[in-house]
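The sequence and the structure come first.

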Amino acid sequence: MSRRVRGTVVSEGLARGEALVVATGEVSVPEGHVSEHQVEREVQRFRRAVEGARTEIAREEKAARERLGEMSEIIGWYLTILADETTLLQPIEAMMRRERFTAKYATFRRFSEVAAQFEGAGEPMASRVPDIIDVKRRLIAHLRGGRKPLGELERLQRKVVIIADDLTPSQAASLDREKVLAFATDRGGPAGHTAILARHLGIPAIVGLDNVTSMVRSGEPVIIDGLSRGEVIVDPNQDDVHEYQVLSRRLQARRRRVHLDQERALTKDDVPITILGNIDRGEQVGGLRELGVEGVGLFRTEFLFLGNTAPDEEAQREHYGRLLRDMAPHSVCIRTMDFGADKWDHRVGGGKEPNPFLGMRAIRLSFAHEGLFRAQLRAILRASLEGRCQIMFPMISDAAEFRRAVGVLDSVKDELRKEGIPFDERVEVGAMIEVPSAALTVENILADADFVSLGTNDLTQYTLAVDRTNPLVAEMFVPHHPAVLRLMQRTVAACEVQGKRVSACGEMAGMAEYAPVVLGLGLTRLSMAARRVPDVVTRIRKLSREACRGVVEAMMAADGAAAAHKILTQFNRPPTSRRRQTR
Ligand code: PEP
Ligand code: MG
């Protein structure tokens with residue numbers, strides 16, 4: 001009988017296929033013993049599992065090297081762990097012989113001990129812990145042949161729907177778009193970076209499903225309805241399948257491609273809107289160019305570093321240079337690395353703080369690791385003559401902090417001048433406005449900035465005190481809250497007064513339902529994932545900015561998010577169902 005579970009859609013779409021339940025969280029193994037005469041056989045079983053895991057990882061590393069470049073090296077590091085006789089393999093065997101532990105339990109115990117030692121040793125050792133846990137999980141999976149560990153996803157033979165407890169941004173980044181039809185997870189929130197990546201990869205995703213992993217078995221048929229209901233339907237019946245087919249045809253019709261050369265983003269009252277793209281890897285500009293977007297409004301560079309060995313200055317210079325050339329003559333806004341919170345890098349650590357979103361993140365981490373920061377700035381500047389380059393700093397909280405970041409940039413420029421290395425002296429510099437303190441003091445920031453960009457994801461999170469990744473408060477994560485809108489409005493107004501460019505690059509900018517809001521606030525530059533462009537442009541063409549201004553005024557005056565949302569949904573309702581034409 002079909003079963004349904006509802007969650008939060010973070011990447012719109014539909015999928016129907018076979019479920020693959022994967023364990024991404026911690027595994028737990030109860031203590032177990034074998035009899036005296038089974039000990040040596042168990043030790044051999046352990047050695048075979050190590051070999052099996054090694055072969056599997058080596059194969060994955062090769063495949064990943066072709067597909068992911070630097071990011072594959074994290075997989076290579078797993079091989080080093082599996083070859084560690086002194087710390088891991090021999091102590092496990094000794095334990096099995098001494099205590100007659102099962103191979104599974106001895107593996108679990110020793111790996112857990114070593115992970116705890118690494119954890120206690122502080123950085124950079126502590127940042128290796130997730131890798132040790134992942135190798136432990138793989139080895140135990142080999143020993144018991146149960147759920148597949150996530151790493152096996154890289155050699156999927158068939159198309160599947162991934163069902164997991166949770167996915168980190170780097171796990172999501174390694175999903176094979178060709179084989180993964182969709183994913184559904186117990187945990188996760190709507191505006192986390194895993195969700196953002198799913199949208200970039202175009203993989204339908206529903207998160208915050210609570211216990212979907214215990215409802216589904218690998219091999220069972222499932223439907224992911226990330227369109228009408230936000231549901232996972234397990235073992236669908238004929239009616240469910242019929243409904244899926246109807247929705248699927250509707251979705252295809254809606255996704256007819258829009259090319260901005262033919263269908264400009266122009267409002268009904270002739271206000272041209274500049275559509276820019278959000279990317280997290282240079283290769284994604286191809287998709288943006290096909291759509292005819294007018295530049296990259298946000299390049300989240302930290303995704304280049306999600307791996308064990310990050311690209312050095314030279315590798316970064318090449319990547320940025322290629323990207324600038326590919327996008328020329330349009331501009332590319334390169335945001336310096338935004339680590340911390342839900343994205344970690346082994347060299348900067350992270351994820352171990354009680355409140356990581358309020359802790360060492362983004363520009364704060366860049367200041368704390370100035371060598372890495374300077375290397376990135378050098379790479380960007382050295383590539384800058386290849387096209388039209390802009391630099392943007394994330395999570396700026398006030399003018400002094402912005403000036404400090406610009407100070408580092410200026411000193412890097414001086415260094416390059418002394419070395420006789422050319423760069424584009426006209427590179428523009430801007431700040432993300434995503435912390436309320438920055439929005440409230442934006443006039444001062446603008447004194448030194450060429451432009452700013454509204455990061456509505458973090459602005460919503462920090463204004464409303466709602467963790468963007470926490471499913472328990474997902475319903476409170478609402479960028480249409482009057483407080484968020486007022487902060488956005490004052491930012492746009494300050495930019496108008498000072499004649500500085502302002503764009504929005506958070507998820508709100510790429511949601512057709514919010515087009516009346518961003519237009520009404522006076523924004524004319526919107527940056528979004530490529531897949532969002534057709535829907536947003538289609539919506540913009542049906543709107544008049546004057547009408548949108550009225551809607552936003554009313555929303556900002558509302559007494560809370562619910563009232564503001566009601567005003568917006570009434571406006572967004574199709575004209576036929578409204579008594580009076582308001583647009
Ligand atoms: C934002 O916060 O809105 C933003 C665009 O940055 P990120 O989502 O990468 O934090
Ligand atoms: Mg942000």
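The text below goes from the whole chain to helix pairs, aromatic rings and single residues.

## Basis

This is a predicted model, in which local features need pLDDT of at least 70 and side-chain atom pairs count only at pLDDT 80 or more, while totals for chains, interfaces and linings use all residues. Residues are numbered from 1 along each chain as its sequence is written, chains are lettered from A and ligands numbered from 1 in the order in which they are written, and side-chain values use heavy atoms, with hydrogens and water left out.

## The whole chain

The protein has 22 helices and 17 strands. Helices (H or I, at least four residues) and strands (E, at least two) are DSSP runs, numbered from the N terminus. Of its 583 residues, 58% count as buried. Buried means under 20% relative accessible area, exposed over 50%, and partly exposed in between (1.4 Å probe, protein chains only). A contact means heavy atoms within 4.5 Å. Among contacts between residues at least 6 apart in sequence, 71% join residues at least 24 apart.

## Two helix pairs

Two packed helices are described by the angle between their axes and the distance between the axes. Axes are lines fitted to C-alpha atoms, for helices over the stretch in contact, and angles run from 0 to 180 degrees between N-to-C directions.

| Helix pair | Angle | Axis distance |
|---|---|---|
| H17 (residues 456–464) and H18 (residues 482–498) | about 125° | 9 Å |
| H11 (residues 313–327) and H13 | about 40° | 8 Å |

H11 is oblique to H13, and H17 and H18 are also oblique to each other. Angles under 35 degrees count as roughly parallel, over 145 as roughly antiparallel, 65 to 115 as roughly perpendicular and the rest as oblique. The crossing of H11 and H13 is right-handed, and so is that of H17 and H18. A crossing is right-handed if the near helix is turned clockwise from the far one by less than a right angle, and left-handed if anticlockwise.

On the H17 side, Thr-456, Leu-459, Thr-460, Thr-463 and Leu-464 meet Ala-483, Val-484, Leu-487 and Met-488 of H18. By class, this contact of H17 with H18 has 6 nonpolar, 3 polar and no charged residues. Ala, Val, Leu, Ile, Met, Phe, Trp, Tyr, Cys and Pro count as nonpolar, Asp, Glu, Lys and Arg as charged, and the others, Gly among them, as polar.

In the other pair, the residues of H11 that meet H13 include Glu-313, Arg-317, Tyr-320 and Leu-324, and those of H13 include Ala-375, Arg-378, Ile-380 and Arg-382. The contact of H11 with H13 has 6 nonpolar, 3 polar and 5 charged residues.

## Aromatic rings

A search of the whole structure finds 7 aromatic pairs. Rings of Phe, Tyr and Trp (its six-membered ring) pair if their centres lie within 6.5 Å; planes under 30 degrees apart count as stacked, over 60 as edge-to-face and the rest as tilted. The rings of Phe-373 and Phe-393 have centres 6.0 Å apart and planes at 70°, so this pair is edge-to-face. Phe-373 lies in helix H13 (residues 370–383) and Phe-393 in strand S13 (residues 388–393), 20 residues apart, and the pair links distant parts of the chain. Phe-393 also pairs edge-to-face with Phe-402, at 6.0 Å centre to centre and 65° between the planes. Phe-373 and Phe-393 are both buried, and Phe-402 counts as buried at 0% relative accessibility. Ring pairs link Phe-367, Phe-373, Phe-393 and Phe-402 into a cluster.

## Buried helix and single residues

How many residues of helix H7 (residues 193–201) are buried? The count is 9 of 9, among them His-193, Arg-199 and His-200. Just after H7, Gly-202 takes a positive phi of about 70°.

Val-212 is placed in helix H8 (residues 212–215) and is buried, with a relative accessible area of 0%. Val-212 and Thr-185 are 27 residues apart in sequence and 6.8 Å apart in space, C-alpha to C-alpha. Leaving aside neighbours within four places in sequence, the contacts of Val-212 include Val-5, Ile-163 and Val-232.

Leu-276, in strand S10 (residues 274–279), is buried with a relative accessible area of 3%. The C-alpha atoms of Leu-276 and Arg-525 are separated by 7.2 Å, although these residues are 249 residues apart along the chain. Not counting residues up to four places away in sequence, Leu-276 touches residues including Val-293, Val-296, Leu-526 and Met-528.
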